[in-house]
Amino acid sequence: MFTLVIGGSASGKSDYAERHVLSLKGDGPRIYIATMEPFGEEAQARIARHHAMRRDRGFETIECYRKAGTVRLPKGCNVLLEDLGNLAANELFGADFSLTDNGTNPCTDDICALLSERITADIDSLRSQCSHLTIVTNEVFSGGKEYEGETLTYLRLLAALNRKLAARADLVVEVVCGLPDVLKGPKTL
Amino acid sequence: MIFVTGPLFAGKQEYIMEALGWDESDFETFAVRDVQDLAADLKTDQLPALADRLAEKKVVIATEIGGGVVPVDPADRRNRESAGRLACLLAERADTVIRVCCGLPRFLKGREVFQGFDEDP
């Protein structure tokens, strides 16, 4: 089963996604793919704490900041990837091409198309290796249109990924105030 | 009239064109998009007339822009306010209101009417 969980900042989407993963049937190992790159001591301490918390809930953590397609997963596993916004940012801003040529141009379109296809293929690879894949993604698209340059490129990339993955997903849930609103899939969870 | 709203780059136009079986020329003839921009610089009492005019179209699309931090610039604040008010007025006038997120529709009002429309665009 492939699930996409979307929500705004502090909407309760992570907590919902974790409970969803725990509710899924199957006895394969639970894997947490963490995408946030640790910058600095504070981040490293927080990440260590999260590792321990998730270990208590039966998750093994794999760190993956880019190229998720290279991750090798054990058979029958139940995977939670968090989150797509970080993965997209790492891929875009760590990528080996320049975004400085004034924003809205064909180059930006090419980068979005190229990266969204590459990352989607990476996700397809993860899906093909596991029983269940749940991805947490970010609703950051309702705060206006007045963005420029790299930020606009990032929004377009993440939006393209959200659309592509939602089209593939069995279940798409938007979390609002910690409550699930099913956008696709069985209406009763 | 079908009012389609949703976040930026959510696939609103793509969704409604596919649902209605429209091509680009249908869309240009029967629809209008980015109506939040039309609300900019209008006074509150001018918005109902704009909504009436827009409601003559078959499809009206707006992008949600009211979900961020209140803008520092007073003109931006006013425009964002107008966009939100206009969206409410359009939803009142609409037979069907659809919120598209990640390319997926959520019917907020009048699904039945939409299905009739779907069969006979």
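**Entry 1**

I note here that the model is predicted. The buried residues I listed for α3(A) are L84(A), G85(A), L87(A), A88(A), A89(A), E91(A) and L92(A).

**Entry 2: α3 against α5**

I next asked at what angle α3(A) and α5(A) pack. Helix α3 (residues 84-93) and helix α5 (residues 149-168), both of chain A, pack at about 130 degrees, and their axes are 10 Å apart. I recorded the crossing of α3(A) past α5(A) as right-handed.

I then looked up which residues meet there. From α3(A) come L84(A), G85(A), A88(A), A89(A) and L92(A); from α5(A) come T153(A), Y154(A), L157(A), L158(A) and L161(A). By kind, the residues of this contact comprise eight nonpolar and two polar ones, with no charged residue.

**Entry 3: the sheet**

I turned to the strands of chain A. Seven of them form an open sheet with mixed pairing, and I wrote down the order as β3-β2-β4-β5-β1-β6-β7. At the edges I found β3 (59-63) and β7 (179-184) of chain A, each of which pairs on one side only. Leaving direction aside, neighbouring strands of the sheet are turned by 20 degrees against each other on average.

**Entry 4: strand β1 and its partners**

I examined β1 (residues 2-7) of chain A. This strand runs parallel to β5 (residues 132-138) of chain A and is joined to it by six bridges. Within this pairing, L4(A) stands opposite I135(A), and I6(A) has T137(A) as its bridge partner. Strand β6(A) also runs parallel to β1(A), with five bridges between them. In β6(A), I found V172(A) as the bridge partner of L4(A).

Is β1(A) buried or exposed? Six of its six residues are buried, so I noted β1(A) as largely enclosed by the rest of the structure. The side chains F2(A), L4(A) and I6(A) point one way from the strand, while T3(A), V5(A) and G7(A) point the other way.

**Entry 5: helices across the sheet**

Finally, I checked which helices lie across β1(A). Helix α5(A) runs at about 140 degrees to β1(A) and lies across β1, β5, β6 and β7 of chain A.

How values were computed. Residues are numbered from 1 along each chain as its sequence is written. Chains are lettered from A and ligands numbered from 1 in the order in which they are written. This is a predicted model: local features need pLDDT of at least 70, side-chain atom pairs count only at pLDDT 80 or more; totals for chains, interfaces and linings use all residues. Axes are lines fitted to C-alpha atoms, for helices over the stretch in contact, and angles run from 0 to 180 degrees between N-to-C directions. Helices (H or I, at least four residues) and strands (E, at least two) are DSSP runs, numbered from the N terminus. A crossing is left-handed if the near helix is turned anticlockwise from the far one by less than a right angle, and right-handed if clockwise. Two residues are in contact if their C-beta atoms, placed from the backbone, lie within 7 Å. Ala, Val, Leu, Ile, Met, Phe, Trp, Tyr, Cys and Pro count as nonpolar, Asp, Glu, Lys and Arg as charged, and the others, Gly among them, as polar. A residue is buried if 20 or more other C-beta atoms lie within 10 Å of its own, exposed if 12 or fewer, and partly exposed in between; C-beta atoms are placed from the backbone. Two strands pair if DSSP finds at least two bridges between them.
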